[in-house]
Amino acid sequence: MKTIEDLKRLRQQVQSQTRVRQECSKQIIVGMGTCGIAVGARDVMSAILDEISKRKLEDITVRQTGCMGMCEKEVLVDIVLPGEPRITYGRVTAADIPKIIAQHVINGQPVKEMVVGKFTE
Amino acid sequence: MEHYRAHVLICAGTGCISSGSKKVEAALRAQLAQKGLDKEIKIVETGCHGFCEMGPLVIIYPEGVFYVRVQETDVIDIVEEHLYKGRIVKRLLFKEEGALEGIPSYKDIDFYKKQKRIVLANCGHLDPEEINEYIATGGYEALGKALTTMKPDEVIDEVKKSGLRGRGGGGFPSGVKWGFTRKTPGAKKYVICNADEGDPGAFMDRSVLEGDPHRVLEGMAICGYAIGADEGYLYVRAEYPLAIKRLRIAIKQAEDLGLIGDNIFDTGFNFHLKIKEGAGAFVCGEETALMASIEGQRGVPRSRPPFPATSGLWGKPTNINNVETFANVPQIITQGADWYASIGTEHSTGTKVFALTGRINHTGLAEVPMGITMREIIYDIGGGIQGGKKFKAVQIGGPSGGCLPEELLDMSVDYDSLIKVGAMMGSGGLVVMDETTCMVDISKFFLSFTQAESCGKCTPCREGTKRMLEILTRITEGQGKEGDIELLEILAKNIKQTALCGLGQTAPNPVLSTLRYFRDEYVAHIREKRCPAGACTGLTQYKITEVCKGCGLCVKVCPVVAICGEKKAVHSIDQDKCIKCGACMAKCPFKAITKG
């Protein structure tokens with residue numbers, strides 16, 4: 001550590017280590033009720049975490065939730081972006097994750113053909 | 001880089017470890033591995049949260065859910081319900097007395113709502129053995145700011161302006177003390193952190209050292225820069241092995257990053273740190289005895305002047321401050337003296353960490369702004385008296401302090417107000433007492449502590465406290481005589497004025513304070529041979545009243561066969577055999593046995 005700039009740079013780098021403990025503006029929510037798990041929600045979850053780690057994405061909270069009700073369409077994955085309604089994707093597989101993350105989470109364009117629902121207040 | 005979707009923060013302060021948090025952690029690791037969740041969920045050991053009564057404590061992020069009294073057997077629910085399915089385990093949430101619903105977030109619990117955590121900001125929220133987590137919160141930027149943008153005198157002015165006063169108990173303005181040391185000419189100077197924390201029941205410093213050690217190191221380094229010292233010692237009592245371990249790790253990690261050592265931030269400022277372990281003497285918390293101990297001599301005080309600022313460790317100018325004092329410094333530099341001075345009262349700025357102990361519902365650690373009332377600390381934060389009993393007094397300042405009775409509960413808690421009423425802030429240990437506490441017994445307890453710890457160098461302390469203790473002991477055993485109270489007061493006054501160091505000078509305080517507010521208890525002990533609180537076993541008698549139904553249960557539990565009586569007839573206790581254990585009274589289903 002030579003200068004105070006070095007310290008600030010290190011701070012930026014390491015903040016991601018504790019990001020989980022702060023409020024993030026983006027959320028990915030994976031349905032992990034029994035129905036979801038039976039169809040493969042655990043693999044989808046792993047794929048999401050891999051993708052985030054590969055792309056070094058910041059400011060995202062990944063949460064799990066119980067059965068959302070649309071069991072027929074599991075695995076369900078919800079994406080919440082700041083200021084946008086909560087979008088639900090259905091019949092998600094691990095292979096779909098890179099596209100959903102790239103197109104929706106990063107570029108803000110929902111992958112329309114996979115969307116099964118949208119929460120409206 | 002792995003991305004963890006959840007962090008499970010387990011409190012690994014000494015308190016929670018002794019309640020079993022390590023077992024909880026082991027069970028958690030095993031279960032996460034078994035379910036294949038260990039790559040997604042990170043387990044973090046943190047320092048003390050402060051809510052010690054409710055430990056072991058676990059916080060799970062991102063939700064920020066706060067679980068209390070977590071046992072090994074609860075782990076399976078936490079993993080399967082919360083971490084797997086996202087369902088909060090409601091039965092592990094904290095519930096206020098009488099409430100039906102638990103409170104998920106610690107921020108909504110009264111214990112935390114009334115606190116203002118500056119010193120304890122990171123405790124319980126980061127891994128103290130991981131310097132990166134401290135840096136992520138902005139750690140060491142205060143040191144950087146001081147070294148690169150401020151002159152030493154400017155740093156001292158800032159600390160002066162903040163109004164920070166010594167948190168070890170003396171309450172001397174820290175900036176002024178730093179100024180004295182700076183002014184003393186000399187190339188070699190020292191910074192010492194007093195982490196001896198000898199007051200029985202106090203654990204504020206321990207928790208800061210175990211939970212956020214870097215904050216203290218940073219404060220010391222800033223002090224070193226301000227006064228012109230290149231070396232610092234942390235004098236930590238040996239009874240704090242976990243604090244010592246975490247400090248060693250912290251120093252090593254800071255050295256590896258160049259934040260402690262030579263040429264910090266390329267400014268030419270050198271600062272090295274060493275740890276010196278204490279060896280169990282309360283008197284070594286006194287600054288001159290402490291320095292003698294570091295020098296390898298017997299821990300015995302010497303007279304002052306000269307003060308450490310002029311001639312301290314190895315005769316060099318030295319600045320000694322308490323752990324909590326140093327822990328306040330980084331934020332003062334980062335956020336400014338005006339911000340700090342806006343908290344608390346005009347002459348007692350900032351916050352104070354208190355250790356809440358005794359007959360209180362929420363024992364633990366709380367940091368509050370100066371000027372808060374004792375009532376708010378005890379009832380709003382502390383949750384009131386255990387068992388719904390009546391408040392009697394609160395001892396503040398440990399063996400050097402005094403007690404505050406009920407009529408003073410609404411006074412402002414600050415340095416000067418406390419001195420006015422015959423108490424003192426001390427290091428921040430609060431012992432709450434209820435109607436079953438005998439105030440004579442309490443003063444005897446504190447005095448026996450200081451008597452045992454007296455180093456023996458000066459006559460007033462060595463002989464005086466011994467005689468005071470003899471008198472108090474006689475009183476509690478029913479051997480008090482007329483004139484004892486007056487003799488205690490004369491002795492106390494003399495010892496206070498003539499003892500060599502703070503130990504002796506303040507040893508009589510608990511006695512004087514209890515005499516001031518609870519004189520009638522002393523009188524009852526001496527004249528009536530009676531202990532109003534029923535605590536002094538020498539003056540207490542257990543008696544069976546007419547309510548007795550002769551069921552014989554008490555006879556069975558008496559360890560010394562002191563009770564006799566016919567079946568279905570009123571029984572009686574042989575006072576000569578009775579050892580006053582109270583087992584009979586606890587067993588009696590008819591409340592037929594009285595104590596007093």
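Predicted model: local features only at pLDDT ≥ 70, side-chain atom pairs only at ≥ 80, totals over all residues.
Residues are numbered from 1 along each chain as its sequence is written, and chains are lettered from A and ligands numbered from 1 in the order in which they are written.

Q: How many helices and strands does the secondary structure of chain A have?
A: Helices (H or I, at least four residues) and strands (E, at least two) are DSSP runs, numbered from the N terminus. From the N terminus on, the elements of chain A follow the order α-β-α-α-β-β-β-α-β. The secondary structure of chain A therefore comes to four helices and five strands.

Q: What percentage of the residues of chain A count as buried?
A: A residue is buried if 20 or more other C-beta atoms lie within 10 Å of its own, exposed if 12 or fewer, and partly exposed in between, with C-beta atoms placed from the backbone. The C-alpha atoms of chain A fill a box of roughly 60 × 30 × 25 Å along the principal axes. Of the 121 residues of chain A, the share that counts as buried is 34%.

Q: Which element gives the largest share of the side of chain B that touches chain A?
A: Two residues are in contact if their C-beta atoms, placed from the backbone, lie within 7 Å. The contact takes 30 residues from chain B and 25 residues from chain A. Elements giving two or more residues to the chain B side are strand S1 (6-11), helix H3 (75-85), helix H5 (131-136) and helix H6 (141-149) of chain B. The largest share, four residues, comes from H5(B).

Q: How many charged residues does the side of chain B that touches chain A have?
A: Ala, Val, Leu, Ile, Met, Phe, Trp, Tyr, Cys and Pro count as nonpolar, Asp, Glu, Lys and Arg as charged, and the others, Gly among them, as polar. By class, this side of chain B has 13 nonpolar and nine polar residues, and its charged residues number eight.

Q: Is Lys183(B) buried or partly exposed?
A: Lys183(B) is found in helix H8 (residues 174-183) of chain B. Because Lys183(B) has 13 C-beta neighbours inside 10 Å, its class is partly exposed.

Q: What is the bridge partner of Tyr190(B) in S6(B)?
A: Strand S5 (residues 190-195) and strand S6 (residues 231-236) of chain B run parallel and are joined by six bridges. The bridge partner of Tyr190(B) in S6(B) is Glu231(B).

Q: How many of the six residues of strand S14 (residues 429-434) of chain B are buried?
A: S14(B) pairs with strand S10 (residues 351-358) of chain B in the parallel sense over four bridges. Strand S12 (residues 391-396) of chain B runs antiparallel to S14(B) and is joined to it by five bridges. S14(B) is mostly covered, and its buried residues number five.

Q: How are H18(B) and H19(B) oriented, roughly antiparallel or roughly parallel?
A: Angles run from 0 to 180 degrees between N-to-C directions, and axes are lines fitted to C-alpha atoms, for helices over the stretch in contact. Angles under 35 degrees count as roughly parallel, over 145 as roughly antiparallel, 65 to 115 as roughly perpendicular and the rest as oblique. Helix H18 (residues 459-476) and helix H19 (residues 484-498) of chain B pack at about 160°, with axes 10 Å apart. The orientation of H18(B) to H19(B) is therefore roughly antiparallel.

Q: Is the crossing of H10(B) and H11(B) left-handed or right-handed?
A: A crossing is left-handed if the near helix is turned anticlockwise from the far one by less than a right angle, and right-handed if clockwise. The axes of helix H10 (residues 213-227) and helix H11 (residues 241-256) of chain B come within 9 Å and cross at roughly 60°. That angle makes H10(B) oblique to H11(B). The crossing of H10(B) and H11(B) is right-handed.

Note on methods:
Pairing = 2+ DSSP bridges.
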